[in-house]
Amino acid sequence: MTPMRTKAEAQDQTQSPSQTPHTTRPRLRLLRPAVWVPAAALALAGALTVGLVTNMDSGYGVEPSDSETAVVLLDRIADVAAKTEATPVRDDQLVYIKSLDAGAECQEDGSCEPGRLSEREAWWSQEPGPVKQLALFYEGGGYSPLRELLPPGSPGTPAGIDRPTYQWLASLPTDPDQLLDELYRLTKEGVQEDGKEEAQVVFDKIGELLGNVMPPRTAAALYEAAAKIPGVKRVEDAVDPAGRHGVGIRRVDKRSSWATVWIFDRDTLAYLGERTYLTKDSQTGKKGTVLGESAVLTRAVVDEYRQRPGSGTE
């Protein structure tokens, strides 16, 4: 079986020979759980569902209602985001995320099978760059760096759409129309690479950006921009990989027959996680097959690699 890999495969010289560089569990894209939510939402409930991710029904509960209802929900979430207090993250700090993740394992013929959920800790660099190590992961009992495969002589990856730091996110337009135009421009190349609808590429990219700590107004603008994307629907009962029920925002890419669902706490509207799954039987797999999923467990800003919230470094 040949898994789908990210570009992070270079060896970190600070690790011992037995610690190989991190290749994320096969997925369609690297999921980065959101961290902007209010402090009250950090006390997350729900037992972890560990084991093989199974096929699921296409709606994850009640079928979504019309797009107008989704717009109302996204406006409410944007309002919560805008009112959230956030301390700016310095360039020399790190965003810490503890999450539950899984991604599909795919064969050379394009068929995929759901992967196993795994708990992961990640420390994301906030340096403006360019940098060669994007993050450090702790998974399966060991540390491994996340590094880009770069051409010889490259200084590294700068902050930007594919490495969104706090300062870069703060530089984005906060007018939702201008922001949406900018996101379409920045993701234009991804439309050709992914073979998905242009609107779906932007929707998925917003989901990735929301996985980073950012100014509250930026988070609000991203949700307001998402409300303007055609095809967004509300899901009345959505379940994240940790088994927590909430309300969801879903969009189906008809070209690839994939759907992505963002899941939020029903009371606080805190971001809980997301899933991507098949909406039709295809060569990739059966309808409902989960292609990638992530649930936020803990999030914080720390000063050093391997430092965990409330404790020192290892």
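Predicted model: local features only at pLDDT ≥ 70, side-chain atom pairs only at ≥ 80, totals over all residues.
Q: What makes up the protein chain in terms of helices and strands, and how much of the chain is buried?
A: The protein chain has six helices and 11 strands. Of its 314 residues, 54% are buried. As for contacts with a separation of 6 or more, 65% of them are between residues 24 or more positions apart.

Q: How do you know what confidence the predictor has in the protein chain?
A: Look at pLDDT, the predictor's confidence in each residue, from 0 to 100. The mean for the protein chain is 80, and 76% of the residues reach 70 or more. Residues 1-65 are another story: pLDDT stays under 50 there, though the model has 210 contacts beyond four places in sequence for that stretch.

Q: Why is Ser-294 called buried?
A: The cut-off for buried is under 20% relative accessible area. Ser-294 comes in at 3%, so it counts as buried. You'll find Ser-294 in strand S11, residues 290-302.

Q: What makes the pair Ser-294 and Asp-101 a polar contact?
A: A polar contact needs a pair of N or O atoms within 3.5 Å, one able to donate a hydrogen and the other to accept it. The side chains of Ser-294 and Asp-101 make theirs at 2.8 Å, so the pair is within the cut-off.

Q: Why is Pro-145 called buried?
A: Its relative accessible area is 0%, and the limit is under 20%, so Pro-145 is buried. Pro-145 has its place in strand S6, residues 142-147. Its C-alpha atom is separated by 9.8 Å from that of Lys-132, 13 residues apart along the chain.

Q: Why is Ala-86 called partly exposed?
A: Partly exposed is what lies between the buried limit of 20% and the exposed limit of 50%. Ala-86 has a relative accessible area of 35%, so it falls in between. Ala-86 belongs to the loop between helix H1 (67-82) and strand S1 (94-103).

Q: What does Ala-86 touch, not counting residues up to four places away in sequence?
A: Ala-86 touches Met-214 and Pro-216. As for Pro-215, its C-alpha atom and that of Ala-86 are separated by 6.5 Å, with the two residues 129 apart along the chain.

Q: How do you know that the buried residues of H3 line one face of the helix?
A: In H3 (residues 176-186), the buried ones are Pro-176, Leu-179, Leu-180 and Leu-183. Down the axis of H3, they fall within an arc of 100 degrees, so they line one face. An α-helix has 3.6 residues a turn, so residues three or four places apart point the same way. Gln-178, Asp-181 and Arg-185 are exposed on the other side of H3.

Q: What covers the buried residues of H3?
A: The cover includes helix H5 (198-209) and helix H6 (216-226).

Q: Why are H3 and H5 called roughly perpendicular?
A: The label takes angles of 65 to 115 degrees. The axes of H3 and H5 cross at roughly 105 degrees and come within 10 Å, so the two helices are roughly perpendicular to each other. Leu-180, Leu-183 and Tyr-184 in H3 meet Glu-198, Ala-199, Val-202, Ile-206 and Leu-209 in H5.

Q: What makes H3 roughly perpendicular to H6?
A: H3 and H6 pack at about 75 degrees, with their axes 8 Å apart. That angle makes H3 roughly perpendicular to H6, given the range of 65 to 115 degrees. Here Pro-176, Leu-179, Leu-180 and Leu-183 in H3 meet Ala-221, Leu-222, Glu-224 and Ala-225 in H6.

Q: How do you know that Asp-175 caps the N-terminal end of H3?
A: A side-chain oxygen of Asp-175 lies 3.1 Å from the backbone nitrogen of Asp-177, and the cut-off for a polar contact is 3.5 Å.

Note on methods: Residues numbered from 1 in each chain as written. Heavy atoms only, no water. Helix = DSSP H or I, 4+ residues; strand = E, 2+ residues; numbered from the N terminus. Buried < 20%, exposed > 50% of the residue type's maximum accessible area, 1.4 Å probe, protein only. Arc of directions from axis to C-beta. Contact = heavy atoms within 4.5 Å. Axes fitted to C-alpha atoms, helices over the stretch in contact; angles between N-to-C directions. Parallel < 35°, antiparallel > 145°, perpendicular 65-115°, else oblique.
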